[in-house]
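Have the sequence and the model side by side.

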Amino acid sequence: MMLARSSRGLALGAALAAAFAMPAMADGLSQFEKLLKPQIPPGALTYKNAKALGDNGFVLEGVTVTDNSDGADKKKPVAINKVTVEEFDFVGFEKDQTPSFVKAKVEGIAMDASPAAGVDLKEMAGLDHVNADFLVDYRLDAKARSMSLNKLEFDLEGLGRLELSLVLDGVDADSPKKDGAMDDAVLRNAKLTFEDRSMMGKLVPAIAKMQGSDAAATITMAKLMLEGVRAGQGEATQKAFDALASFLDDYKKPKGPLTVTLKPDKKFSGADLKNASGADDVIKALGLAVNYAGTVPHPAAPIKQ
């Protein structure tokens, strides 16, 4: 009996010793505090609450971001409701490589009336502030040498939403330099969507006022600029510009989002744009298409002889 108890005690002691000897599995929050937080200048990021989200994620609430870097102008701190990082490649980051996956959302970014130099939202659109959300989700496939940007989204509450997705080939996911992974990247496909909720209806009159004009004249001028590019071009170009012109016509209340898709039929490079002789060449090289539910034909102006 005593031998059995002694054996059980030894077994328990050995198990506890092994547990304490093994390195603790780091959760997402502890990895953030160890690897990412030291990269942030002191005082630039504060938060009220934080918690782990599995092994590779974390959540920060009541966040304040302040630009206090050398030479920075005296900007107001930016308040953010929540930062949710569902997944982050801490292993790759620690090896000084480009993180092979990131999925994160920043919610409730409080932007004041002057978010950037020369931009006054109160004067332009009568807005004292705007709340914004930002989302990024991408994956790098080292074996296939590709990158899938599943979603990059910027949402301005009540104004509009911009969403981008794309696939790149020739990406060096194993590059030891974080800024070298994209050196040889080429575009496979891309999709850009602009959903206007009230932005154009506010900005067009504001821009017209700044130019000493009215909204109708501003839209007419923009469409005339499009005409100068589409003149004498082929069917694909005319369809794309019909969609753009129709979207401008409906600036007060668009009939759905404006979507631009790119699908080059070969490796696309800057040389294709440089050697393009007109809009047709650019659209063909990019495999570009523009879609808008409210599109109506806009006959191109005749070419002057």
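Which residues in α7 meet which residues in α9? A236, T237 and A240 in α7 meet A279, D280 and I283 in α9. Contact here means heavy atoms within 4.5 Å. Helices (H or I, at least four residues) and strands (E, at least two) are DSSP runs, numbered from the N terminus.

Some ground rules come next. This is a predicted model, where local features need pLDDT of at least 70 and side-chain atom pairs count only at pLDDT 80 or more, while totals for chains, interfaces and linings use all residues. Residues are numbered from 1 along each chain as its sequence is written, and side-chain values use heavy atoms, with hydrogens and water left out.

Back to the helices. Two packed helices are described by the angle between their axes and the distance between the axes. Axes are lines fitted to C-alpha atoms, for helices over the stretch in contact, and angles run from 0 to 180 degrees between N-to-C directions. The axes of α7 and helix α9 (residues 279-286) come within 9 Å and cross at roughly 90°. That makes α7 roughly perpendicular to α9 (65 to 115 degrees; under 35 is roughly parallel, over 145 roughly antiparallel, the rest oblique). By class, this contact has four nonpolar residues, one polar and one charged. Nonpolar covers Ala, Val, Leu, Ile, Met, Phe, Trp, Tyr, Cys and Pro; charged covers Asp, Glu, Lys and Arg; the others, Gly among them, are polar.

Now take α7 with its other partner here. Helix α6 (residues 215-230) and helix α7 (residues 235-249) pack at about 175°, with axes 10 Å apart. So α6 is roughly antiparallel to α7. From α6, the contact includes I219, A222 and L226; from α7, it includes F241, L244 and L248. Its residues divide into eight nonpolar, two polar and four charged.

Helix α6 also packs with helix α5 (residues 199-210), at an angle of about 95° and with axes 8 Å apart. That makes α5 roughly perpendicular to α6. V204, P205, I207 and A208 in α5 meet A215, T218 and I219 in α6. Six of these are nonpolar, one is polar and none is charged.

Turn to a ring pair. Rings of Phe, Tyr and Trp (its six-membered ring) pair if their centres lie within 6.5 Å; planes under 30 degrees apart count as stacked, over 60 as edge-to-face and the rest as tilted. The count comes to six aromatic pairs. One of them is F32 with Y47, tilted, 6.4 Å centre to centre with 55° between the planes. F32 lies in helix α2 and Y47 in the loop between β1 (45-46) and β2 (49-53), so the pair ties together parts 15 residues apart in sequence.
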